[in-house]
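Biologist: Please take a close look at a single part for me, and keep to what can be read from the coordinates.

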Protein chains: 2
Amino acid sequence: MESRRGLSPIFECVPNFSEGRDLEIVVALEKSISAVPGALVLHRTSDSDHNRSVITFAGSEDAVVEAAVRAAAAARDLIDLTVQRGVHPRLGALDVLPFVPLEGAVLADCVVLAHRAGERIWSELGIPVYYYQAAALRPDRTRLEDVRRGQFEGLREQVLSDVSKAPDVGGPALHPTAGAVIVGARKILIAYNITLKTSDLAIANAIARAIRASSGGMQEVKALGLPLESRGLVQVSMNLTDFEQTPIHVVFGEVARLAALHGVEIEESEVIGLLPRRAVNMAFAHWLKLPSFEAGNVIETRLEQLSRSRT
Amino acid sequence: MESRRGLSPIFECVPNFSEGRDLEIVVALEKSISAVPGALVLHRTSDSDHNRSVITFAGSEDAVVEAAVRAAAAARDLIDLTVQRGVHPRLGALDVLPFVPLEGAVLADCVVLAHRAGERIWSELGIPVYYYQAAALRPDRTRLEDVRRGQFEGLREQVLSDVSKAPDVGGPALHPTAGAVIVGARKILIAYNITLKTSDLAIANAIARAIRASSGGMQEVKALGLPLESRGLVQVSMNLTDFEQTPIHVVFGEVARLAALHGVEIEESEVIGLLPRRAVNMAFAHWLKLPSFEAGNVIETRLEQLSRSRT
């Protein structure tokens, strides 16, 4: 894989595990990743209602593939879907495994990594694999929801009788306790919530409906209204699936505009997990009306670029 | 010097040289810096009217002091103040030498480095030294303008008769062709210009007067109005000398507000040279109403922190 700037491309990988209650297991899953030289764990979050954990890590192509395979092995050994219960749908112990391009990498690179990891997860671990999003081999498997329909309990039966449900790699029978892994490639995703100074959920719902792509709003935006019971406020909860096409500052501006039409102000907003630096720089350039602001205008970025070019 | 985060502190150094016309000399000055292992040149700018060049570099404490001394030596050998002419006042071939704290460093560290560099510039190179700003040894030498009053031509006479004009290190006679170096320590400075959609210089002047600290405006802001002849517009040209006390987004907001009172919009703005990442992050958090946004919320920053903590 060629770097686009003379540096090794860096990839992010965001495994979703079907365990969010037993912290010992979650820590063991994280250790299976961080034990791989060059795999850096950036973030970890668990939800006990969902009974699900998401670990974000990054590294070179070899490090992320190796760590992804080891994470799948650890999940197979530690999570038993025949007894696992939670409100979040799941098909596998390691349920979803997206590869994401970071510095010097593009989406096509991630498709290659997803397929490489998928082959190994079947051949080395005996867990069948479905491919989704940019890594999908069939158009009807692009959307994660479509691949996962029926979940573990439904699909383990269907694959035995319906050949159209067979995994892309391995199977057709699912792994008896670990199910199947849904491996994919996608652009970076920003999970972003805006809290409104109102307790009226209808307003958050109306704004979510107005901005989300699926109802004709802004491209690459998923949104829903949520009540924040403990604070007596409501929130527009969003996923921005292409922040370069629909930037975070544009979303903020539009939500603020729509809220004002309802006579409501924005209380605050929050980024869940991490966001790419380019999203910050794009917002900065926009608000200050800087026509030519780039990462290289930042002292620390220049220092890092120079340090790396010397090593 | 102790790091505040387990990492080596990084310092910036911004030598101002009294040569901005002969590019060969400027390149030689830059090479005297970049030849020092660990000294990274971030930025260079020359002005022929001013006959002056500013080179911004960074590195560990040892690297920046070594590079600063070598830059003083190169300037002594390549610049002759007895023949140098320009509109910008100057006392030395290497005229001003401020040390600035970057990551993991504080201003007090820079005072130590300034004094260490100053001792060597006299003992090894025979150029006397004045200390200014945070490195000043006398209250009447805090301001650069006060130290440089009389310039090379005036001070080389005064030091011989007026003991109160004597350098802080070495002398009292100035170096016959290289004058003296004014060495200091200061916080990072953001050079920032806002262009207005008007050709009326009186409006830019009025806004500059309203915002600058010296006329009771915002703390740590220097500002003046300038005409941009080629574009038929005017500009508020500023130095922000403590961006944490008076952030760049606050300055932008106040200039926009004052311009609107004159019925004028902001055309665009520009950062001259480099600015610290924290200034970008502070603006991002402000505009998006993010109560807890930190550098660690950015993927690339997390990656760098983790990479460095492993090496």
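This is a predicted model: local features need pLDDT of at least 70, side-chain atom pairs count only at pLDDT 80 or more; totals for chains, interfaces and linings use all residues.

Biologist: In strand 11 of chain B, which residue is the bridge partner of B:Leu196?

Modeller: The partner is B:Ile266. Residues are numbered from 1 along each chain as its sequence is written, chains are lettered from A and ligands numbered from 1 in the order in which they are written, and side-chain values use heavy atoms, with hydrogens and water left out. For the complex, the predictor gives an ipTM of 0.78 and a pTM of 0.79.

The bridge belongs to the antiparallel pairing of strand 8 (residues 190-196) with strand 11 of chain B, which runs over six bridges. Strands (E, at least two residues) and helices (H or I, at least four) are DSSP runs, numbered from the N terminus; two strands pair if DSSP finds at least two bridges between them. The sheet of chain B is open, with four antiparallel strands in the order 9-10-8-11. Strand 9 (221-228) and strand 11 (266-272) of chain B are at its edges and have a single partner strand each, so one side of each lacks a neighbour in the sheet. On average, neighbouring strands are turned by 20 degrees against each other, direction ignored.

Two helices of chain B lie across strands of this sheet, where contact means heavy atoms within 4.5 Å. Angles run from 0 to 180 degrees between N-to-C directions, and axes are lines fitted to C-alpha atoms, for helices over the stretch in contact. Helix 6 (residues 201-211) of chain B lies across strand 8, strand 9 and strand 10 (233-240), at about 175 degrees to strand 9 of chain B. Helix 7 (residues 248-261) of chain B lies across strand 8, strand 9, strand 10 and strand 11, at about 25 degrees to strand 8 of chain B.
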